[in-house]
Structure formats: C-alpha cells, structure tokens
Amino acid sequence: MSRSIHHVAIVGGGITGLSVAYYLQREIEAKRLPFQFTLIEADSRLGGKIDTLRRDGYVIEKGPDSFLERKRHATQLAIDLGLEHELVNNETGQAYIYHERDLHPIPAGSVMGMPTELQPFLETLLLSTEGKARALEDLLLPVEPVAEDLSVGDFFRRRFGDEMVDRVIEPLISGVYGNPIDHLSLLATFPQYHRLLMEHGSLIKAMRYTRPKAPSKRGKGMFQTVRSGLATIVERIEASLPAVKVRKNAEITRFVKTENGYQLTLKDGAVLDAHSVVFTTPHQVTRKVLRPYLDLKPIDLAEPTSVATVSLAFPRERVQVSVKGTGFIVPRQADLRITACTWLHQKWPHTTPAGKALLRCFVGRPQADGIVHRTDEEIAEMVLEDLRNIRAMDIKGEPEFVFIHRFKESRPPYEVGHQQWVEQITHQVRSALPRVYLAGSFYKGVGLPDCIQQGKEVVGQIVSGVAASPNNDSQSFVPFC
C-alpha cells in the first residue's frame with residue numbers, strides 16, 4: 001500500500017520559514033519521506049529582515065549584518081549551503097559608548113558591560129567614582145534567588161546600581177531587543193546570568209571565571225557574515241527549493257480547519273489544503289489569521305518596536321575619527337537620536353570599496369520610535385547632525401549616497417512574563433489546532449541562529465509526529481484545488 005502525501009504549509013518566508021523549508025526538503029530527499037510542502041510569503045521576495053544592497057562595490061545589509069559564531073545553527077546553515085569559504089569574521093577592535101559628546105572605550109575585559117579586570121574599570125570616564133563604588137558592591141551583596149521572572153533592568157540594578165546600568169549595560173542590550181531593559185524579561189533573554197550569579201555569588205566573579213582565556217582565532221571577532229551579503233543565504237535556499245513549492249505575493253485571506261487538516265485561501269483566490277501548518281510570521285499576523293478559532297493574547301503587553309538602518313557612504317578622506325575602533329553605542333538617556341553607529345569599513349572591510357568610508361547608524365528606540373516614520377531627508381539630516389555633534393568624529397561635506405531601510409513594528413518586546421505567554425499560547429494552539437506550529441523571532445529568540453534553530457526543531461516535530469500517528473497512511477489528500 002502506498003503512503004499518502006503529508007502536505008505542510010509554511011507561512012512566512014523569513015529566515016525561520018526558509019529554514020523549515022530547507023531542512024524539510026533535505027529530510028524528504030535523504031529519507032524519501034512522503035511529504036511535500038508549500039512556502040507562502042506575502043511579500044514579493046523571500047528573506048524577511050535579511051536583505052542586502054550590492055551597489056558600486058558596496059555590500060550593505062538593510063537588516064541584520066552578522067550572527068554569533070558560537071551559536072552554531074547559522075554557521076552550519078551556511079556550510080550546508082556550500083558557503084563555508086564565503087564566511088568571514090569581523091575585525092576585532094575597540095567599541096565605544098557615547099557620553100556627553102565623547103566616545104569612551106568599553107573597559108577592557110568587560111562582558112556585557114560587567115568588569116572582569118579592575119584597572120580598566122577604575123580608569124573609565126563613563127562612570128563617576130560613586131557609580132564605580134556602587135557597581136563593585138556586586139562583590140559583597142548577598143545573592144537573592146529569583147522565584148519568578150523579573151526585568152533585566154531590575155536584575156542588573158540590584159547588583160550594580162542605576163548609573164552602571166544606564167550608561168553601560170543598557171546600551172549594550174537595547175539594540176537587540178525591542179523593549180527598555182526595565183520591561184525586558186530576564187528568563188526569556190539572559191537566564192544564564194541568574195544561574196551564574198547563584199553559582200558564584202557575584203556576577204563580577206562569574207564573568208571572571210567564565211570569560212574565555214584564549215585569544216580569538218586569527219585575531220578575528222566573534223561574529224560571522226557572508227562575504228557577498230547575508231542575502232546569499234536566502235538566494236541559495238530559494239535556488240535549492242522547487243519553484244512550484246514557493247508562492248510569493250500570497251497573502252492568506254481565509255484559514256479553515258477541515259476533517260483532514262486545514263484549508264488556506266490566498267489573496268489570488270488559490271486554495272491550499274494542508275495537513276500541517278507552520279506559522280513563522282510576526283505574532284500580530286498569525287493572531288489575525290487564527291482568530292476564527294483562537295483568541296490568542298497579543299505579543300506580551302507592549303507593541304513591537306520600529307527601527308531603521310541608515311547607511312552613509314563617503315570618500316575615506318571626508319570621514320576622520322580620532323579614535324580607533326569599530327563603532328559606538330548610545331545610551332537611552334543620551335542627547336542623540338541615533339542608537340548606534342558602526343564604522344563598517346573598519347569592522348567589515350569587505351563591505352566597502354578601497355578609498356571609501358561606510359557608516360551604518362540605527363534609529364528607533366523602544367517606546368520612542370517616531371523618528372522611523374519621518375521622511376528619508378529628515379532622518380538623514382538628523383543622523384548627520386548627531387554624528388557631527390560627536391567630538392571624535394569629523395565629517396566633511398555630504399555623503400555620496402544615503403540608504404535608509406525601515407522595519408516597522410518588527411522587534412518583539414519580550415516583556416517580563418514572556419516565557420509564560422509563549423507556553424500559554426502554545427498550549428492554546430496545540431489544544432485547538434493540532435499540527436499547527438508557531439516559530440520565529442516573536443517566540444524563542446530574535447537572533448538568526450535562534451530562528452534557524454526553531455525552524456529545524458519544527459521540522460523534527462513534524463516528521464516525528466507524523467511517523468508516530470496511527471492514521472498517517474489513511475488520509476487522502478490533494479494539495480491544490
């Protein structure tokens with residue numbers, strides 16, 4: 001008896017959905033599984049936040065520009081796609097924090113702003129004498145067990161005080177998550193720090209003990225990217241998938257539970273039947289599609305944050321920086337509108353032609369992202385004004401070009417209680433809609449490796465779940481009708 005075909009609808013063509021499609025295709029081919037899938041993307045292109053502008057020798061990332069090498073899922077995906085020789089690590093160099101018009105080096109030996117070396121910490125001008133003394137109280141304070149979730153800000157303020165958190169720790173964290181750290185869930189973002197505190201009795205002692213002792217390989221940094229741009233990963237995945245299995249410009253207008261699974265009606269009128277459905281879309285989109293069957297709670301309590309990247313290209317001689325390094329970050333309480341700036345021609349030399357300088361700035365803060373909705377001209381003017389207000393930077397003339405890319409309501413907030421929220425909605429979906437899966441940056445990690453890992457895990461759940469089903473050979477199925 002021939003086995004029936006189990007069809008999987010993958011909703012969302014960002015890196016999570018692409019990972020589901022890619023690794024499911026590999027499983028189908030390697031094990032000759034009776035599966036097929038359709039990847040559904042509302043946009044005209046795949047990749048989601050991953051998008052690379054290649055122009056006149058520049059390689060400019062519109063969204064994320066790299067991933068942590070130690071989180072192996074992104075590196076492994078690149079290797080699986082045959083891009084091993086395209087992988088490059090960032091150039092190491094000093095990073096800075098903006099404070100009162102000056103750029104101050106992040107003290108040597110710091111781990112997420114926490115000191116592991118006393119002398120550089122005592123010498124920094126980022127903190128007052130009182131602020132340093134309060135931060136060092138971490139070595140003496142008793143350890144307080146965490147019975148339930150609390151904010152990242154609350155956790156670090158208890159150990160180091162407000163000044164250390166506001167001037168050093170907050171800017172290092174806030175660029176990743178779309179929420180102020182005083183609302184950001186510790187258990188959903190940095191649970192390891194509480195574990196280390198309990199083990200060592202002090203975060204400073206824990207950082208000293210766990211900090212890698214050996215220098216980084218070849219003097220390179222901890223981040224990796226693809227020399228031709230992260231969009232190459234998207235392009236390779238898309239090229240590996242049968243074209244008939246990818247539907248772009250395909251917004252879902254109707255979702256119906258059927259006897260054998262689910263029926264999805266697309267904007268162009270096409271109807272797709274599926275036994276399993278994987279939603280990798282932003283939660284607000286998924287929630288809207290599933291509303292006929294479930295009233296899923298909104299993403300935590302806060303709204304997703306909007307952010308924009310602003311890339312500015314200059315002749316090298318027009319950009320003079322009096323400090324050596326890779327870029328700087330800006331505390332929330334500072335008098336600038338930008339939140340960070342990377343000197344790409346120094347951190348990622350492959351991105352910039354010889355004789356040119358490339359700066360990439362970020363605008364849009366959690367709960368204060370109005371600047372993202374201004375015009376390109378207004379944003380560019382504000383960014384240049386901020387850069388020229390920094391004593392260490394001397395920018396002459398206008399940029400050869402400015403490229404601005406917006407991500408509206410794209411950064412999930414990860415509020416306190418986020419893990420409990422994820423568990424609750426996962427239970428709701430599992431109970432009401434069997435074989436419907438939620439994955440992506442809104443749930444269990446915002447970085448590229450986290451999203452790729454979620455995609456691979458969903459593939460494992462689908463394959464093992466169907467294999468374990470006693471009725472997996474008895475369902476008749478027609479993919480399109």
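Q: By class, which residues make up the lining of the second largest cavity?

A: In general, rolling a probe the size of a water molecule over the atoms shows where empty space is left. In this predicted model, the lining of the second largest cavity has six nonpolar and three polar residues, with no charged residues. The residues concerned are Pro107, Ser110, Gly113, Phe121, Thr124, Leu126, Leu127, Met164 and Val168. The volume of this cavity is about 40 Å³.

Q: How many cavities of 30 Å³ or more are there, and what volume has the largest?

A: The count is two cavities of 30 Å³ or more. The largest cavity has a volume of about 70 Å³. Strand S4 (58–61) and strand S9 (220–226) are the elements that give two or more residues to its lining. S4 gives the most, with three residues.

Q: Which residues line the largest cavity, and how do they divide by class?

A: The lining comprises Val59, Ile60, Glu61, Asp65, Thr225, Val226, Gly229, Leu344, Trp348, His350, Thr351 and Arg360. These residues divide into five nonpolar, four polar and three charged.

Q: How much space lies in the second largest pocket, and which residues are the closest to its centre?

A: A pocket, in contrast to a cavity, is an open set of points. The second largest pocket holds about 420 Å³ of space. It is lined by 18 residues, of which Thr426, Arg430, Tyr437, Leu438 and Gln461 are the closest to the centre.

Q: Which elements each supply at least two residues of the lining of that second largest pocket, and what is its make-up by class?

A: Helix H14 (418–432), strand S22 (436–438) and helix H15 (448–468) each supply at least two residues of the lining. H14 gives the most, with five residues. By class, the lining of the second largest pocket has eleven nonpolar, three polar and four charged residues.

Q: What residue follows H1?

A: Arg32 follows H1, and its phi is positive, near 55°.

Conventions
Residues numbered from 1 in each chain as written. Predicted model: local features only at pLDDT ≥ 70, side-chain atom pairs only at ≥ 80, totals over all residues. Heavy atoms only, no water. 1 Å grid on protein atoms, 1.4 Å probe; cavity = no way out; pocket = protein on both sides within 12 Å on 5 of 7 lines; lining within 4 Å. Points joined across faces, edges and corners; volume = space filled by probe spheres on them. Helix = DSSP H or I, 4+ residues; strand = E, 2+ residues; numbered from the N terminus. Nonpolar A, V, L, I, M, F, W, Y, C, P; charged D, E, K, R; others polar.
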